[in-house]
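Dear colleague,

I am passing on the structure we spoke about, with my notes placed below it. Please read them alongside the coordinates.

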Amino acid sequence: MRFKDKVVLVMGGNSGIGRAASIDFGKEGAHVFITGRSRKTIDETVADIPGGRGFVADIGDIQSGNDVLAAIREAHGGIDVLFVNAGIGAFAPAPEVTPDQWDEVHNVNLRGCFFAIQKALPQMRDGGSIVITGSIGSIAAVPGNIMYAAAKAGLRAVARILAVELLPRRIRVNMVSPGPTDTPIITRTDGVTADQVQGMKDMMAGVVPMKRMGTSEEIARPVLFLASDEASFINGVDLYVDGGCLEL
Ligand SMILES: NC(=O)c1ccc[n+]([C@@H]2O[C@H](COP(=O)([O-])OP(=O)(O)OC[C@H]3O[C@@H](n4cnc5c(N)ncnc54)[C@H](OP(=O)(O)O)[C@@H]3O)[C@@H](O)[C@H]2O)c1
């Protein structure tokens with residue numbers, strides 16, 4: 001019960017890694033608030049979190065987080081843990097990237113995440129904790145991953161600088177960077193067949209030294225660790241949770 005009576009806001013908490021973390025925060029006693037775009041999966045997730053509450057908010061739209069922040073203010077006053085996890089994938093070789101594609105990815109994965117944190121900060125309690133989902137893609141040279149990698153690398157810089165700027169408030173800021181993880185992000189591209197999804201999963205598992213993809217729960221556990229007081233002397237790290245991809 002590391003989060004007993006703590007107020008936890010998970011942005012992108014209704015699918016994959018965010019859903020697993022939201023449920024785990026709830027199991028450990030937190031008052032969990034989640035956001036996402038899909039009302040359906042928000043409701044399904046909240047149903048698995050006793051006392052959990054869900055709000056539709058597009059992280060790319062700066063004003064859309066107003067409702068969840070107001071609800072937290074009213075119910076609890078402040079936020080103890082902010083998990084900024086929303087993200088979208090995008091693949092295209094550099095010569096084919098269009099400005100619109102670039103903007104779409106960066107609007108969510110970098111600009112949106114930054115301004116969502118900026119907006120939540122006045123409500124963060126001193127001594128709280130922020131965890132941001134990065135990606136090993138931010139430092140791995142994966143062909144076709146240039147838009148996503150650049151956004152996540154920018155987010156890494158955001159995390160590092162926030163970790164310093166928030167020292168006076170004793171708010172720790174850390175990043176968890178997953179390697180290939182079996183979540184719905186892989187199946188989201190329109191028109192992708194079941195065979196293509198399986199091919200993609202096999203390819204992703206193949207680059208992991210452990211020869212398998214991670215699970216959402218295996219990423220969520222380190223998120224909860226970094227968010228908890230157990231990690232009280234850890235600040236500004238980017239923890240690779242990748243089955244050894246970058247280390248071995
Ligand atoms: N899976 C991997 O292999 C992997 C590897 C490295 C990093 N990551 C990162 O891990 C994070 C979670 O991804 P996942 O793998 O768990 O994929 P996922 O199942 O697709 O989850 C993505 C989450 O982000 C939310 N989201 C996306 N765009 C949003 C927007 N504009 N506004 C608000 N919420 C938005 C989604 O909500 P909706 O469903 O409502 O859109 C969902 O909750 C992402 O940041 C991703 O980049 C994943």
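What percentage of the contacts in the protein with a separation of 6 or more is accounted for by residues 24 or more positions apart? The share is 71%, where two residues are in contact if their C-beta atoms, placed from the backbone, lie within 7 Å.

Two conventions apply throughout. This is a predicted model, in which local features need pLDDT of at least 70 and side-chain atom pairs count only at pLDDT 80 or more, while totals for chains, interfaces and linings use all residues. Residues are numbered from 1 along each chain as its sequence is written.

On the overall fold, the protein has seven helices and seven strands, taken as DSSP runs numbered from the N terminus (H or I of at least four residues for helices, E of at least two for strands). From the N terminus on, the order of these elements is β-α-β-α-β-α-β-α-β-α-β-α-α-β. The radius of gyration is 17 Å, close to the 18 Å given by the globule rule for 248 residues, so the protein is as compact as a globular protein of that length; the radius is taken over C-alpha atoms, and the rule is 2.2 Å times the number of residues to the power 0.38.

Buried residues make up 44% of the 248 residues, a residue being buried if 20 or more other C-beta atoms lie within 10 Å of its own, exposed if 12 or fewer, and partly exposed in between. In strand 1 (residues 7–11), five of the five residues are buried, so this strand is largely enclosed by the rest of the structure. Val7, Leu9 and Met11 point one way from strand 1, whereas Val8 and Val10 point the other way. Strand 1 pairs with strand 2 (residues 31–36) in the parallel sense over five bridges, pairing requiring at least two bridges found by DSSP, and Met11 stands opposite Thr35 in strand 2.

Leu82, not counting residues up to four places away in sequence, touches Leu9, Ile117, Ala120, Met124 and Ile130.

As for helix 1 (residues 16–27), it gives the most to the shell around the ligand, with three residues. Ala20 lies in helix 1 and counts as buried because it has 23 C-beta neighbours inside 10 Å. Leaving aside neighbours within four places in sequence, Ala20 is in contact with Ser216, Glu217 and Ala220, while its C-alpha atom is separated by 16 Å from that of Pro180, 160 residues apart along the chain.

With best regards
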